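The following paragraphs lead through one structure, from its overall make-up to individual side-chain interactions.

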Amino acid sequence: MPALPGGPILDPAPLIPAGQPAPESAEEDPMQKIVPNVWFQGNAAEGAEFYEHALPNTHMVDSANYPTEGLLEFQQDLAGELLTAVLEIEGYRVLLINAGDEFTPNPAISFLLNFDPSRDENARTTLQRVWSRLSPGGTALMPLDTYPFSEYYGWVQDRYGVSWQLMLTNPEGEPRPFITPSLMFGGQAQNHAKQAVEYYTGVFGDAKLGALVPYADQTGPALPGNVMYSDFTVEDQWFSAMDSGVTQDFSFTPGVSLMVNCTDQDEIDRFWEALSAVPEAEQCGWCTDQFGVSWQVVPVDTDDLMKQPGAFERMLTMKKLDIAQLRGD
């Protein structure tokens, strides 16, 4: 593995905002329908501070703590500690879950960062600086270099196991947001990217297909005609998907899950029916779909509901969440 680009993790130079922002900022639309959740092993507060420094225009905007009582035995050490930290990265929300060592992120779901020269005249320099801040203690999965698909690109797995793809964007064509969750279909999910994109764009609203680049020839386990790269929108949010061109011994896990904010019980019921395909994975609003991707189907006002007496204990007994029961009705 080549040496990682240098640069102290506490480089004092400020990061200028980079990339094309999402069509609506969090201030204009406070509810992001689908929020990526990243599993941390007891060090989410440290991770939030790390990303506030490493990523452009990134701030922790909300947090919640574990209750001090009513926890399961394996959660006792976390009583009163941080439960979740919500980051806004260029206006896009990502939630860090502070939990145990049951899961860890892997590259099956990564975050693609688009550094757009039309938005930032120093986009290449900004990209290099972000790379230098994410890299220490991590692993360069694809070193910063020129590739057939990008003038300047690198893929790094940071010290917490979270994967980031940094790309100098060609500003021509339809703009993309600064941050896009990217699903890589490998392992047991190999060669299912196209099927998954078709499924997700049928389940969610405001769906649209973007780019689709197929493999012309067999590339590792990826068969001709399968997806080298694609992107799509659901609920006015961009995602990308691809079939791995290298044999992988891992696939999707709850280390990175996708949380769906639902406005009422009808929405919870509908998304749960569409997304839950593994009965043994159903717990506390978590489910796993037919491709192995982990989802959380939750009420948009979960934080307020959890303030109701006994709500946390009631949630621990549920698979699909029931809003009335959470309220104690």
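A residue is called buried when its relative accessible area is under 20%, exposed when that area is over 50%, and partly exposed in between. By this criterion Asp-231 is buried, because its relative accessibility is 4%. The structure in which this residue sits is a predicted model.

The confidence of the prediction may be considered before the details. The average pLDDT of the chain is 88, and 87% of the residues reach at least 70.

As for the overall architecture, the chain contains seven helices and 15 strands. It has 329 residues, of which 51% are buried. Among the contacts in the chain with a separation of 6 or more, 68% are between residues 24 or more positions apart. Glu-102 belongs to the loop between strand S4 (92-98) and strand S5 (109-115). The relative accessibility of Glu-102 is 41%, and therefore this residue counts as partly exposed.

The largest nonpolar core has 50 residues, and the members that touch the most others are Phe-185, Phe-204, Leu-275 and Trp-295. Apart from this core lies another, of 34 residues, which includes Ala-85, Ile-89, Tyr-92 and Leu-166.

Phe-185 deserves a separate description. Its relative accessible area is 1%, so Phe-185 is buried. Beyond its neighbours within four places in sequence, Phe-185 has contacts that include Gln-190, His-192, Ala-196, Met-242, Asp-243, Phe-252 and Phe-291.

Aromatic pairs form the next topic; the structure holds 22 of them. A pair of aromatic rings is described by the distance of the centres and the angle of the planes. For Phe-40 and Tyr-51 the ring centres are 6.4 Å apart and the planes stand at 80 degrees, which means that the pair is edge-to-face. Phe-40 is located in strand S1 (residues 34-40) and Tyr-51 in helix H1 (residues 44-54), so this pair ties together parts that are 11 residues apart in sequence. Phe-40 and Tyr-51 are both buried.

Another edge-to-face pair is formed by Phe-185 and Phe-291, with 6.3 Å from centre to centre and 85 degrees between the planes. This pair links distant parts of the chain, 106 residues apart: Phe-185 is in strand S9, whereas Phe-291 is in the loop between strand S14 (286-288) and strand S15 (294-299). Phe-291 has a relative accessible area of 7% and is therefore buried. Ring pairs also place Phe-185 and Phe-291 in a cluster with Tyr-199, Tyr-200, Phe-204, Phe-252, Phe-271 and Trp-295.

Charged side chains complete the picture. A search of the whole structure finds eight salt bridges. In one of them the side chains of Asp-231 and Arg-176 meet, at 2.6 Å from N to O. Asp-231 is in strand S11 (residues 227-234), and Arg-176 is in the loop between strand S8 (163-168) and strand S9 (179-185); the pair therefore ties together parts that are 55 residues apart in sequence.

A further salt bridge joins the side chains of Glu-88 and Arg-93, at 3.0 Å from N to O. Glu-88 is buried because its relative accessible area is 15%, whereas Arg-93 is partly exposed because its relative accessibility is 24%.

Helix H4 (residues 265-275) contains both Arg-270 and Glu-267, which are three residues apart, about one turn of the helix. These two residues form a salt bridge whose closest N and O atoms are 3.9 Å apart. Arg-270 has a relative accessible area of 44% and so is partly exposed, whereas Glu-267, at 16% relative accessibility, counts as buried. Through salt bridges that share partners, Lys-33, Glu-267 and Arg-270 are joined into one network.

Arg-270 also takes part in an arrangement with an aromatic ring: its charged end sits over the ring of Phe-271, 4.4 Å from the ring centre. Likewise, the charged end of Arg-124 sits over the ring of Tyr-152, at 3.8 Å from its centre.

How values were computed. Residues are numbered from 1 along each chain as its sequence is written. Side-chain values use heavy atoms; hydrogens and water are left out. A nonpolar core is a set of buried Ala, Val, Leu, Ile, Met, Phe, Trp, Tyr and Cys residues joined through side-chain atoms within 4.5 Å. Buried means under 20% relative accessible area, exposed over 50%, partly exposed in between (1.4 Å probe, protein chains only). Contact means heavy atoms within 4.5 Å. pLDDT is the predictor's confidence in each residue, from 0 to 100. A salt bridge is a side-chain nitrogen of Lys or Arg within 4 Å of a carboxyl oxygen of Asp or Glu. Helices (H or I, at least four residues) and strands (E, at least two) are DSSP runs, numbered from the N terminus. Rings of Phe, Tyr and Trp (its six-membered ring) pair if their centres lie within 6.5 Å; planes under 30 degrees apart count as stacked, over 60 as edge-to-face and the rest as tilted. A charge sits over a ring if NZ of Lys or CZ of Arg is within 6 Å of the ring centre and within 35 degrees of the ring normal.
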